[in-house]
Amino acid sequence: MPQPTIESILHEERLFHPVAEFSQQAQIKSLEQYQQLYNKAKADPQAFWAELADTELHWFQKWDTVLDWQPPFAKWFVNGTINISYNCLDRHLTTWRRNKAALIWEGEPGDSRTLTYAQLHREVCQFANGLKQLGVEKGDRVGIYMPMIPEAAIAMLACARIGAVHSVVFGGFSAEALRDRLVDVQAKLVVTADGGWRKDAIVPLKEQVDKALANNSAPNVEKVLVVRRTEQPIDMERDRDHWWHDLQAGVSADCPAEPMDSEDMLFVLYTSGSTGKPKGVVHTTGGYNLYTHITTKWIFDLQDTDVYWCTADVGWITGHSYIVYGPLSNGATSVMYEGAPRASNPGCFWDVIEKYGVNIFYTAPTAIRAFIKMGEHLPNARNLDSLRLLGTVGEPINPEAWMWYHRIIGKERCPIVDTWWQTETGGIMITPLPGAVPTKPGSATLPFPGILADIVDLEGNSVPANEGGYLAVRHPWPGMMRTVYGDRDRFRRTYWEHIPPKDGQYLYFAGDGARQDEDGYFWVMGRVDDVINVAGHRLGTMEIESALVSHPSVAEAAVVGKPDDLKGEDIVAFVTLENNINASDELKNELKKHVVQEIGAIARPGEIKFADALPKTRSGKIMRRLLRSLAAGEEISGDTSTLEDRSVLEKLREG
Ligand code: WTA
C-alpha cells in the first residue's frame, strides 16, 4: 500500500490576467509563448539549455558535452571554461552599461553609495588582489560574514574572480553557528566587518568572529579581512587580522578573471535541516551562472531602465542568486538595503522604493504579513507609482496576504510572481512569467521552461489533478546543487532516495507537499515533515494557516499536530493577532468556526494558542518543529542555531 499522500482542502477561485500594457513590453509576452518555450525545452532539454548558454553568456572556451548525468550527479557544460565575475562585470564594460549603476546601496542610518559597473569592477579586482596577497588561491574556501554593504557582494565576486569558493554565513548567526560552518567548509580566510547596522543597533560582527576562532577552534582559518563599517573599537589580532582599507591602498586594480572549469565549485551555502547538522549545499560555476541569469531575465522581466530590489540578505540563497549573480549577469541595477523595518522607521521599505524609483520589488511572505500588521497607512503615505512588478519567495503565501500585496502595494496593476524554489535548486523553479501566465493567489503557478516538475506518490507515479503529493523534478537542470559539501552519501540519501528511481529515471525530492490543479498550477502545501495526520487525513500546514489568516483579526498563524489517542494527531494553531485586537476565548471559538466554514470540520483546530510572535528562522520561515515540541509538552531538541529570536520561544513556553 502506498502511503496516503496529502489531502487538499482549501479552494481558491480568483484568477488575475496580466494587463495588456505589461504583456506587450514583456520579455515573454503571452501564454502561448510560454508554452512554446516550455514544450521546446521539454522535447530537448539539452538543446534548450545549450542554446541559451551560447547566446546569454561569455565562455572562454566552449563545452564539449552539454550534460553528463550519472544520477544523482550532474555535470553541465563539460569542459567549458567560464568566469561568473567576468559575466557579471567585464562584459558590460565594453557597452554603454559601463557607467550604469550596478549596485545602489542604502545604509540603515541613511548613508548611501552607488557603484557603476566600472566602479564595481575596479573594487572587485582590488579585493581579489587583496585576497591573493593574504594567500588565497584558486580552490581555497573563504568565509564571508558581513553586513549588507557593497563589500559583501564585492567579496563574493572577488572570490569568484580568482576561483576561490565562498561560503557566506548570514551576519545574524551566532559565533557557534559561524564556527561550525567555517570548520565544515575548511575556510582559510574570513571576510567580515567591524559591525553592521540592524534595527538601530550595531551587530558586532568582528567580535563574533573572534569568538568563533577563539582557542584555535577553527584552526583552518589563517587570516581575517575586516571592512570598516560602524567604526566602533574592535580588537585586531597581529598577523591574523587585516583592515581592508589598509590593504586596498596598496593593491592594483588589475586582476583578470580566472578561466574556471564549468564544474568548478563556486560556493557552498549552508541550509539547516530540521535535525542534524547543517548541510553545505554545493553550487558550481557554469550551470549556476546560466540558470540565475535566465530566470532573473524572464521572471523579473528585466528592462534596461529598471531599478530592481530584492530585500533578501546576501547570507541566504535569494541574496546570492537574485541580488548579486542573476541581476549583475544581466547588467541590471540592483538595490541593496542594509536596514530592516524597525520602530524608528517602520515604513523604511517604502521610503527606499520612493527614493530610488524602484520598479521591481521582491520580498518574502513573512515581510508582507508584517507590513499588513503595521498598517496600510505606511505604504499609502509614499509614492509607489514606480512599481511595475512584485515578487515573493520563501514560504507559501497565504491568499489573503497575496491580495493585500496586490491591492495595497501593486495598486491592482502590478503582476505578482510567487516564486517557488530552494537553496538546493539554485534558482527559481515554479513561477508565473509575469507577462504571460495568469495568476491565482497562493499558487506559484507553472514550472519555468526546462523544469519538469511533477507531483508524485512515494513510488514516483504522477498523481491525478487536485490530489496532493510530493513535489519532485524529473530531469536535471543547470542550477541544481551538485552535492552536499564533503558528503556525497548524504546528498543521495536526502534528495534521491525517498522516491526510489523508476525505470532508471531519478526524481529530485524537494521535501514539499503540493498539488497541481486542473490547469496544471502548482499549490505548495508546506514541508512534508510538517504534515498533520488527523484521523487518517494527511493535511498540509499552508491551507489551514491560510484559512486562519483570512480572518480579519489574525495576522499570522502556524499549525502543528499534537499526538492524540483518538485521532492520531490533533491540530494546534498558534496565532498572532492584528494590532488592537484582544485575545479572548470567544475569539478562539470564532476562529475554530471560521476554519470549519472555510475548509471543513476535518481541519478544525482542537486548540488555539495566542502568541505575541512566532518562532522563525533568520530568513523568516516559521519553525513548526519547535512549536510541535511545545504543543506536545516536550523538550525542544535538534538544532536551534537558526532561530531568529530566542525570547519568542521563552514567551511561548511561559504563555
Ligand atoms: C519554501 C528559499 C511555497 C519551500 C529560496 C521550500 C516556498 C523552501 C516558496 C526552501 C514559495 C520557498 N511557495 N513555498 N513561493 N518559496 N518555499 O532553501 O518549503 O531557504 O522547500 O530557499 O522554502 O527554502 P530555502
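By class, the shell around the ligand comprises seven nonpolar, five polar and five charged residues (Ala, Val, Leu, Ile, Met, Phe, Trp, Tyr, Cys and Pro count as nonpolar, Asp, Glu, Lys and Arg as charged, and the others, Gly among them, as polar). The model is predicted: local features need pLDDT of at least 70 and side-chain atom pairs pLDDT 80 or more, while totals for chains, interfaces and linings use all residues. Residues are numbered from 1 along each chain as its sequence is written, and side-chain values use heavy atoms, without hydrogens and water.

**View A. Residues around the ligand.** The ligand is surrounded by 17 residues (a heavy atom within 4 Å), and the closest are Asp 418, Thr 419, Gln 422, Thr 423 and Asp 512.

**View B. Polar atoms at the ligand.** A polar side-chain atom of Asp 418 is placed 2.7 Å from a ligand nitrogen atom, and one of Asp 512 is 2.8 Å from a ligand oxygen atom (polar contact: N or O atoms within 3.5 Å). The protein covers 92% of the 530 Å² of accessible area that the ligand has on its own (Shrake-Rupley method, 1.4 Å probe).

**View C. Both faces of strand 16.** In strand 16 (residues 307-310), Val 307 and Trp 309 on one side and Tyr 308 and Cys 310 on the other are all buried (under 20% relative accessible area, 1.4 Å probe, protein chains only). Strands are DSSP E runs of at least two residues, numbered from the N terminus.

**View D. Partners of strand 16.** Three bridges link strand 16 in parallel to strand 18 (residues 360-363) (pairing requires at least two DSSP bridges). Cys 310 has Tyr 362 of strand 18 as its bridge partner, whereas Tyr 308 faces Ser 334 in strand 17.

Definitions and conventions:
Buried < 20%, exposed > 50% of the residue type's maximum accessible area, 1.4 Å probe, protein only. Helix = DSSP H or I, 4+ residues; strand = E, 2+ residues; numbered from the N terminus. Polar contact = N/O pair within 3.5 Å; in protein donor to acceptor, adjacent residues only side chain to side chain.
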